[in-house]
Amino acid sequence: MARKTIGERLAQLEAQRKTLQIRLSKQERAIDTRRKVLIGALVLHRLENDRDVQFAGGIAEWLRRELPKFLTRDGDRDLFDDLLKPQANEPTIGNIGSGSAV
């Protein structure tokens, strides 16, 4: 069997490096996505289940203030319609402490 030239070996190593770099990038994206999902799940859980009205109301108010600036596509905004519009039983800055949010 003929030995590979240095150029062929370098090309093979470069191909392996590119393959590993792609795998690393994919792994990093997966970790980033998982972190985002978990943080989002925590926020939604706190909004739905938190007995601390000031905390939940603060998150709800912050989301209503910040999400419209962050979301650029109409389809994305539609996904958060329920969070962006205050509801009667939802804690807001105006009804925190009045007992109407519990």
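Is R65 buried, partly exposed or exposed? With a relative accessible area of 45%, R65 is partly exposed; buried means under 20% relative accessible area, exposed over 50%, and partly exposed in between (1.4 Å probe, protein chains only).

## Basis of the model

This is a predicted model, in which local features need pLDDT of at least 70 and side-chain atom pairs count only at pLDDT 80 or more, while totals for chains, interfaces and linings use all residues. Residues are numbered from 1 along each chain as its sequence is written, and side-chain values use heavy atoms, with hydrogens and water left out.

## Overall fold

The protein contains four helices and zero strands, giving the pattern α-α-α-α along the sequence. Helices (H or I, at least four residues) and strands (E, at least two) are DSSP runs, numbered from the N terminus. Of the 102 residues in the protein, 16% are buried.

## The nonpolar core

In soluble globular proteins, nonpolar side chains tend to be buried together. Here, the largest nonpolar core consists of seven residues, namely L47, I59, A60, L63, L67, L71 and L83. Such a core is a set of buried Ala, Val, Leu, Ile, Met, Phe, Trp, Tyr and Cys residues joined through side-chain atoms within 4.5 Å. Helix α2 (residues 53–70) gives the most to this core, with four residues.

One of the core residues, I59, touches V43, R46 and L47, not counting residues up to four places away in sequence. Contact means heavy atoms within 4.5 Å.

## Salt bridges

Side chains of opposite charge can pair when their charged atoms come close. The structure holds eight salt bridges, each being a side-chain nitrogen of Lys or Arg within 4 Å of a carboxyl oxygen of Asp or Glu. R65 and E66 meet in one of them (3.7 Å, N to O), and both belong to a network of salt bridges that also includes K69. E66 is partly exposed, at 27% relative accessible area.

D32 and K36 form another salt bridge, their closest N and O atoms being 3.0 Å apart. These two residues are separated by about one helical turn because they are four residues apart in helix α1. K36 is exposed, at 54%, whereas D32 is partly exposed, at 36%. The side chains of D50 and R46 also form a salt bridge (2.4 Å, N to O), and R46 is partly exposed, with a relative accessible area of 29%.
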